[in-house]
Amino acid sequence: SRQETYENEVFGGISFDIIDLNSLEETYEALRTFQILGIEKKPDLTATACRSISETVGSSSSTAKDLFYALKANSIAECKIDKKASKGIISRLNAAVSGASSLLDFYYSVGGLVLIKDQSSEADVHLADAEGVFRSVKIYLGRLRPTISVELAVDVAFSQSDGRWRYSSNNPESSAFAAGIALETLVGIVSLASSEIDQSLISTLKNDIIKLFDSIEKYDDGALYFDDKLVDGHEYQGPLSTTSSVLRGLTAFAAVTAENLNLPGDKMLGLAKFFLGICVPGDAKDFFNQIDSLACLESNRQGFSLGNLNFTLPCRVSIPLILSFPSTVLSLTRKDSLKVGVSTVLGSEVPSLTVKLVGAFSSGSKDASLVESQELNFDKTSGLHILNDLPKSIDVGSYTFVFEVVLHEPEHEEVYFMGSQTKVPISVTGLIKVENSEIAVLDSDLGSIESQKKLDLAGKNAISLSANHLQKLRLSFQLTTPHGRPFKPHQAFLKLRHESKVEHIFVVGNSGKQFEIVLNFLGLVEKFFYLSGKYDMELTIGDAAMENSLLVAIGHIELDLPEAPEKAPRPPPQPVDPYSRYGPKAEITHIFRAPEKRPPQELSLAFLGLTILPLLGFLIGLLRLGVNLKNFPTKPIPATFAVLFHVGIGAVLLLYVFFWVKLDLFQTLKLLGFLGVFLVFVGHRILSHLAAASAKLKSA
């Protein structure tokens with residue numbers, strides 16, 4: 001489940017696209033991340049990586065760093081490298097070892113030789129004077145020794161008294177990040193040695209590791225990490241990269257030595273908490289460091305693998321076990337069970353063990369434990385340890401549960417580490433009973449009840465009360481937990497809101513189960529700004545452990561307060577509602593002018609009839625004059641233009657009708673423009689024809 005979380009939540013936000021990677025270092029980190037998370041390699045991505053690897057190993061200009069990361073990527077991509085290229089790589093890396101002048105030079109050249117040895121079974125790769133190189137890296141602190149062998153003729157920076165290392169003799173600052181690189185380098189020298197390395201050198205290196213862990217830093221939650229002082233911004237790596245480098249070097253060293261490091265298991269557990277506490281890494285590099293470091297914390301379960309070289313030496317660094325909880329909030333109402341999961345940092349299965357609840361304490365309390373030690377039942381189906389029923393002593397509230405993990409087999413105690421006891425904050429929620437709720441108006445002098453009413457705080461209330469400045473208001477109720485114990489919520493407020501929106505909030509005090517507040521209006525007249533009138537009452541009861549928190553309107557009270565004196569304080573100005581100030585404004589409907597008063601419809605129709613009469617008179621006059629169509633053209637083309645001309649005139653008249661009924665002025669003018677051009681064209685043609693015909697008649 002932990003691996004699925006990484007893939008779905010974190011990995012989805014970090015894009016590893018090998019096609020777009022800028023270097024073989026990034027390619028290796030992407031492939032390694034895929035490998036740890038169990039994500040299948042895509043053929044196109046592997047082909048792209050192999051093409052880049054082949055170009056690097058085949059180029060004579062490739063540096064030791066280029067070859068190192070090409071071989072690292074190839075250990076996962078499993079591309080084919082021919083024998084000739086392998087021999088060339090070995091020769092170049094051996095030369096790089098001889099000419100190394102800094103810790104990184106040794107790291108890349110030695111690491112490259114280890115990788116080529118692992119990937120090529122036929123290659124004969126070893127260091128003739130491995131112990132000499134080991135001594136030069138470990139002992140000679142930046143002094144050039146020209147009289148010794150080539151392997152010793154180096155000018156590098158080595159270990160310091162505090163376990164940190166320098167990158168080179170030119171850089172006086174030591175670094176924990178460099179210490180991790182140095183450990184990996186020395187492990188590589190051991191694997192390349194043709195004979196056994198002097199064990200005194202290994203013991204000295206072990207002491208350096210112990211000194212390095214003395215400078216480890218700690219967060220409040222118990223997470224441990226390494227960090228360097230920010231001296232050179234270019235070399236500063238940050239806590240995540242630094243801690244990851246040290247952990248890789250540590251697990252590599254532990255795998256190739258018979259020495260027991262004697263590192264406390266809580267150190268490894270603190271490192272695991274650090275890496276698991278990184279919820280969302282900043283970039284792909286941080287994500288790789290996190291995932292690879294978590295994989296290192298599990299590497300000792302089957303020995304350590306360096307490339308294809310598997311070490312099966314006994315585990316010398318404890319594998320931390322992590323407690324996980326599906327939920328740390330339990331409901332008494334739903335009768336939730338307490339469920340605990342135990343796994344390694346990447347969610348792998350663990351050997352048989354027992355989880356015990358050895359104590360439970362109220363938050364902030366130093367009293368004795370509320371529960372006796374009891375074992376949780378293991379559910380094989382879910383793989384969780386379950387406590388079905390919470391003890392009766394556990395009620396609504398916040399607690400600190402103390403768990404202890406016991407491994408069944410004694411030999412597993414040398415491999416795994418859980419810590420003596422683990423403290424986990426647990427919240428228990430439930431429904432709180434609200435009983436004996438009432439509100440009353442009291443006489444100020446005698447304390448007698450003027451009026452009293454019961455309240456149903458779980459339902460609706462519409463209480464109406466009245467009082468003057470010589471009286472008091474009392475509100476009381478009781479709160480109890482599901483087990484009948486008094487419950488004190490985080491919040492219990494009574495709010496009075498005046499008609500003018502002026503609010504007054506009062507804290508409701510308690511004594512055991514009983515909550516009560518008494519408002520003496522005589523002493524509150526100034527606080528109320530002498531404002532008489534209607535006050536709405538609202539009660540708030542809230543708590544994180546209370547499943548039925550309340551925000552209920554009680555009703556209102558009419559207060560009759562005395563007149564305010566001249567120098568009495570005035571109510572503060574009420575804040576402007578941001579919504580009314582910055583929210584959407586009301587739609588503005590603009591009217592140019594109020595419509596004129598129109599005549600009755602009958603009068604309008606009568607006027608329309610009068611306007612049509614001249615048209616009728618015109619038509620009658622045409623008939624009286626004997627109008628005919630004798631001059632209408634008979635030839636097809638002139639006749640067509642004549643018809644179109646008359647149709648155009650009719651269209652103009654129809655357009656005037658539409659203008660009156662539907663269209664506006666701009667639409668009418670646009671259409672009239674088109675019709676006008678059309679009428680000019682056809683009218684010119686028909687009139688030209690008539691003029692020509694008339695000229696022929698006159699000449700005849």
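Reader: Which residue in β27 is the bridge partner of leucine 465?

Author: The partner of leucine 465 is isoleucine 557 in β27. This is a predicted model, in which local features need pLDDT of at least 70 and side-chain atom pairs count only at pLDDT 80 or more, while totals for chains, interfaces and linings use all residues. Residues are numbered from 1 along each chain as its sequence is written, and side-chain values use heavy atoms, with hydrogens and water left out.

Reader: What makes β20 and β27 a pair of strands?

Author: Strands here are DSSP runs of E with at least two residues, and helices are runs of H or I with at least four, both numbered from the N terminus. Two strands pair if DSSP finds at least two bridges between them. Six bridges join β20 (residues 463-468) to β27 (residues 550-560), and the two strands run parallel, so by that definition they pair. Strand β27 is also joined to β26 by nine bridges, here in an antiparallel arrangement, and lysine 534 has glutamate 558 in β27 as its bridge partner.

Reader: Why is threonine 540 called buried?

Author: A residue counts as buried under 20% relative accessible area, as exposed over 50%, and as partly exposed in between (1.4 Å probe, protein chains only). Threonine 540 has a relative accessibility of 19%, and therefore counts as buried. This threonine is found in β26 (residues 533-542), and, when residues up to four places away in sequence are not counted, threonine 540 touches Gln491, Ala492, Phe493, Leu550 and Leu551, where contact means heavy atoms within 4.5 Å.

Reader: What makes α8 largely enclosed, and which residue caps its N-terminal end?

Author: Of the 17 residues of α8, 16 are buried, so the helix is largely enclosed by the rest of the structure. The cap is serine 175, which has a side-chain oxygen 3.1 Å from the backbone nitrogen of phenylalanine 177; a polar contact is a pair of N or O atoms within 3.5 Å, and within protein one must be able to donate a hydrogen and the other to accept it, with residues adjacent in sequence counting only if both atoms are side-chain atoms.

Reader: Why are β9 and β12 said to stand at the edges of their sheet?

Author: Five strands form this open sheet in the order β9-β17-β15-β11-β12, with mixed pairing. Strands β9 (329-331) and β12 (374-375) each have a single partner strand, so one side of each is left without a neighbour in the sheet. Within the sheet, β15 (residues 397-407) and β17 (residues 422-429) run antiparallel and are joined by seven bridges, and threonine 400 stands opposite proline 425 in β17.

Reader: Which strands form the open sheet with antiparallel pairing, and in what order?

Author: Its four strands follow the order β8-β10-β14-β13. The edge strands are β8 (322-324) and β13 (377-379), each of which pairs on one side only. Three bridges join β10 (residues 338-343) to β14 (residues 384-387), and valine 340 stands opposite histidine 385 in β14.
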